[in-house]
Structure formats: C-alpha cells, structure tokens
Amino acid sequence: MKISILDDYLDTLGTLQCFGKLHGHDVTIWNDHVQDDEILAQRLQQAEALVLIRERTRIGASLLARLPSLRLISQRGGYPHIDVEACTRQGVVLSSSLQADAPSWATAELTWALILASMRQLPQQVSALQRGAWQVAIGRTLRGQTLGIFGYGRIGRVVASYGRAFGLKVLVWGRPRALAEAAADGHEAAPTKSAFFETADIVSLHMRLVAATRGIVAAEDLALMKPTALLVNTSRAELIQAGALAAALRLGRPGRAAVDVYEHEPLVDVRDALPELPNAVCTPHIGYVTREDFELQFALIFDQITAWAAGVPINVVNPAALERRGPA
C-alpha cells in the first residue's frame, strides 16, 4: 500500500517505535510544509493512504478531486481542515481517533510551562542575561492567585489539578456539564462568563475548535481582564476572535499572554502581531510535540491504516464513503 505522510518537520516519525506498524508498506515522508494544491497533487498522485499530522495541511475538494488513488486519510483529533463531504463523494475514508479516554499530558505540561515562564518573565530574564544585564523584571508568585479554566475537559481538568498543587484557587467556566464536573472535583464554577474574565488572574483556554466555539472569546471578554492578568492559549487560535488578542495586549487588558497556536501555521512571518509584542510569550505549536506523545498519537494513526488495509476500518468519520469504494 502506498502511504504518504505530510509535514513531518523534524523527520521524527521514521524514528518512532510504532513506525514498525507500517512495515511492508511503501511509505513516503515529506518534511517540508506545502499548501499549494498543484504541488500536493503531484506529490500525492500515487498515494492510497494519507497520514496527516494534526491540522498542518488543509485537504479541500479541489485537491481531493486530483487524487484518484487516494482511499484513506488517517489522523488523530478534530478535522476542521478536511472537507469531509468531498471525501465522502470521492469514496475517501476519513479515520480519526479523538482518543477521548486520555488527555494530552504533553499539552497540559506545556500550558503550565507557559504560565510559569510568563508569570516569572523567564524569556526576558534569559535574554537579558545573555546580553550581560542582570534582573530586568519582577515576577509574580502563583500561590494565592486565581486560575481560570475555560473548558473543563480532559486537558483543562489536568491543568486545574496543577493549579491546585501550586496553591491557586481554580475558577471554571464552560458548559453546564463542565461546571458540574468542576464543582464535583472541588473547584468553583463562575456565576457568569463576565465574572470569570473579571476575576481570574490567569485564564487558560481548553476547548476543541468547533462551530460553537469559534470566536467564543471576544474582544469585550478580554477587556474585562485585569491589567495584571495572563491569557494562555494552547488549544486553537480561532477560539479567540481574529485580531482581538493582539489588540487587547496593546491596550493592556490582559497585561500578558502566552500562546502556542496561531490562525495561520506554520507561522514564519516574524512581523506577525503576537510574537512581536513584548508582553507575549510565543511558542511554535509544540504542545503535543514530545516523543512520548508522538508514540501514542501515531500508534493509533497507524493502527487505523492497518485496520483499513485488513478490511475492518476503525474510527471512521464518514461511513458513507465505505459504500462508494471498499478496501483494495
């Protein structure tokens, strides 16, 4: 079976133990990022299965129409970057595991690293010391402050537990079910969304990007935050209204932000608003980029390929596609 893997920036997948699951298949790995349909169509012309690394490449109808051999797309997580209807029309099966039984420990850990780095202004202190300067800022202690968790799901719950361990008060906002679960875990549920943003010293976003959550954090929400507050986003950039965070940081509410996600990735334009701002700590979407997390992710992704090849596809998002073209 001819398999193509896109966007393996660091040429990592071939070194994973789980890569052995693809033994016997013809695998091509692309290390650069390309979004041009013309180039992608040429590269993937013979591909029967396509492996995607999260949402790094958009797969639209125009590209799918030019891939006559493609039978399967295998990935993990949500799929706002894939035209599922076009996949179904072409008989391309989309297998995607949400792995709802376990959190991304790597993302939760990076979230906490960003909180610590921002509150203690570690990037500024490290940079200053490299320039020969000494103690250029005064940090903030976490203990006793209020950690706001917006979205009490798998990752939000873990980050809340880190907050409790560090002596923070945890305040939660989200859907009624999430608020009930947070209360059952001993955390406080905010009475309103406005009160949540007004009260929290740190707001950390932990939601999937779906139609209902796109732009769920508006400019007026950010304007309610304290000038000393920190906004953290390791989920998806589109949870915040386009351009609202950079504008809010320039106005000083919130006073700081720490982000790992962007509206356009990979982010290569150094003139982008967020990385340019002195009150923002920015990392290049590395929340899930650890060897351990990759082993977990791609074991599932490769299992989806071997299951499809064996005629027993799993985690199928669009079962109607199976009726159009079965396994070869």
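Pro 266 is found in the loop between strand S11 and helix H11 (273–276), helices (H or I, at least four residues) and strands (E, at least two) being DSSP runs numbered from the N terminus. A cis peptide bond, with omega about 0 degrees, joins Glu 265 to Pro 266. A cis bond also joins Arg 253 and Pro 254, with omega again about 0 degrees; Pro 254 lies in the loop between helix H10 (244–251) and strand S11 (256–259). The model is predicted, and local features need pLDDT of at least 70, side-chain atom pairs count only at pLDDT 80 or more, and totals for chains, interfaces and linings use all residues. Residues are numbered from 1 along each chain as its sequence is written, and side-chain values use heavy atoms, with hydrogens and water left out.

Positive phi values occur at two residues described here, Arg 54 and Gln 135. Arg 54, a residue other than glycine, has phi near 50 degrees and is placed in the loop between strand S3 (49–51) and helix H2 (61–64). Its relative accessibility is 14%, so Arg 54 counts as buried (under 20% relative accessible area; exposed is over 50% and partly exposed in between, with a 1.4 Å probe and protein chains only). Gln 135, likewise not a glycine, has a phi of about 50 degrees and belongs to the loop between helix H5 (122–130) and strand S6. With a relative accessible area of 63%, Gln 135 is exposed.

The charged end of Arg 54 sits over the ring of Tyr 288, 4.4 Å from its centre; the criterion is NZ of Lys or CZ of Arg within 6 Å of the ring centre and within 35 degrees of the ring normal. The charged end of Arg 56 is placed in this way over the ring of Tyr 9, 4.0 Å from the ring centre. Tyr 288 also belongs to a cluster in which ring pairs link it with Phe 19, Phe 294, Phe 298 and Phe 302.

Across the whole structure, 9 aromatic pairs are found (rings of Phe, Tyr and Trp, the last by its six-membered ring, with centres within 6.5 Å; planes under 30 degrees apart count as stacked, over 60 as edge-to-face and the rest as tilted). The rings of Phe 150 and Phe 196 have centres 5.7 Å apart and planes at 65 degrees, so this pair is edge-to-face. Phe 150 in strand S6 (residues 146–150) and Phe 196 in helix H8 (residues 193–199) are 46 residues apart, and the pair thus links distant parts of the chain. Both Phe 150 and Phe 196 are buried.

In soluble globular proteins, nonpolar side chains tend to be buried together.
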